[in-house]
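Here is a friendly walk through some side-chain packing, with the coordinates at hand. Open the viewer and follow along.

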Amino acid sequence: MSPSLLGGLTKSLAMTVLSEVGDKTFFAAAILAMRHPRKLVLAGCLSALTVMTALSASLGWVAPNLISRKWTHHITTLLFFVFGIWSLWEGFKEDGESEDLAEMEAKLDADFKSNKGESKNKSKATDDKKKQKRPFLMQFFSPIFIKAFSITFFGEWGDKSQIATIGLAADENPFGVVIGGVIAQALCTTAAVMGGKSLASQISEKMVELSSGVLFLLFGIMSLLSGPEGQL
């Protein structure tokens, strides 16, 4: 029995929302939106997350063609349990303070001040030369867009949510996983950009980690009961 589109969509939607809310890239989008035009930040972050989701789902779709579906199913089930226990452990260790928010804010503050200092020392002639020698991508995209895209893309690379998406796409309908993931990313990123730091500071990382841990364990149990053929 082939995996259903709706099943992949709903699992991906729920998993991505709980994985991304309170994530470093969520905080990065909120802080960037405070200092740069929101439209550019939102476009850059969403583009990166969409590319990452599609890439991860593609890797998951290819996996059953390289090894048997039985083994990909067992690996995915194991990943769900591992990530569930990992998230619960992280949640119980949290002391209630948003360490990721403070860390990301400090990093972007240092970068912002550095760029601001450099821009003050530049002469108009130097700026004109810079524009002429601007990298190929910069000629078509705003530097702010590139910055938001790169911070988000490399921040997500190797993240727990990316690996979980690969595993989910290997066991569920990959198109459903992509659609659900993109919808969830759009909701989370839009909330981060529109809400800014005021919203980000209200999020309890402890509750997010505990909730995502429970969800991962639930997915693991469902996967264990359904078997490689997807039947309960």
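In this predicted model, the backbone nitrogen of phenylalanine 175 lies 2.9 Å from a polar atom of the asparagine 173 side chain. Asparagine 173 belongs to the loop that runs between helix 8 (160-171) and helix 9 (174-200). Its relative accessible area is 17%, so asparagine 173 counts as buried, the cut-off being under 20%.

Now for the nonpolar cores. The largest has 12 residues, including Phe26, Leu32, Val41, Ala148 and Val193. Helix 2 (24-35), helix 3 (38-66) and helix 9 each contribute at least two residues to this core, and helix 2 has the largest share, with six. Another core, of 11 residues, lies apart from it, and Ala57, Phe83, Val177 and Leu215 are among its members.

Aromatic rings come next: a search of the whole structure gives nine aromatic pairs. In one of them, the ring centres of phenylalanine 153 and phenylalanine 154 are 5.5 Å apart and the planes meet at 85 degrees, so this pair is edge-to-face, as angles over 60 degrees are. The table sets out the accessibility of the two partners.

| Residue | Relative accessible area | Class |
|---|---|---|
| Phenylalanine 153 | 15% | buried |
| Phenylalanine 154 | 63% | exposed |

Elsewhere, ring pairs join Phe80, Phe83, Trp86, Phe216 and Phe219 into a cluster. Phe83 is also a member of the 11-residue core. And what sits over the ring of phenylalanine 219? The charged end of lysine 11 does, 5.7 Å from the ring centre.

How values were computed. Residues are numbered from 1 along each chain as its sequence is written. This is a predicted model: local features need pLDDT of at least 70, side-chain atom pairs count only at pLDDT 80 or more; totals for chains, interfaces and linings use all residues. Side-chain values use heavy atoms; hydrogens and water are left out. Helices (H or I, at least four residues) and strands (E, at least two) are DSSP runs, numbered from the N terminus. Buried means under 20% relative accessible area, exposed over 50%, partly exposed in between (1.4 Å probe, protein chains only). A polar contact is a pair of N or O atoms within 3.5 Å; within protein, one must be able to donate a hydrogen and the other to accept it, and residues adjacent in sequence count only if both atoms are side-chain atoms. A nonpolar core is a set of buried Ala, Val, Leu, Ile, Met, Phe, Trp, Tyr and Cys residues joined through side-chain atoms within 4.5 Å. Rings of Phe, Tyr and Trp (its six-membered ring) pair if their centres lie within 6.5 Å; planes under 30 degrees apart count as stacked, over 60 as edge-to-face and the rest as tilted. A charge sits over a ring if NZ of Lys or CZ of Arg is within 6 Å of the ring centre and within 35 degrees of the ring normal.
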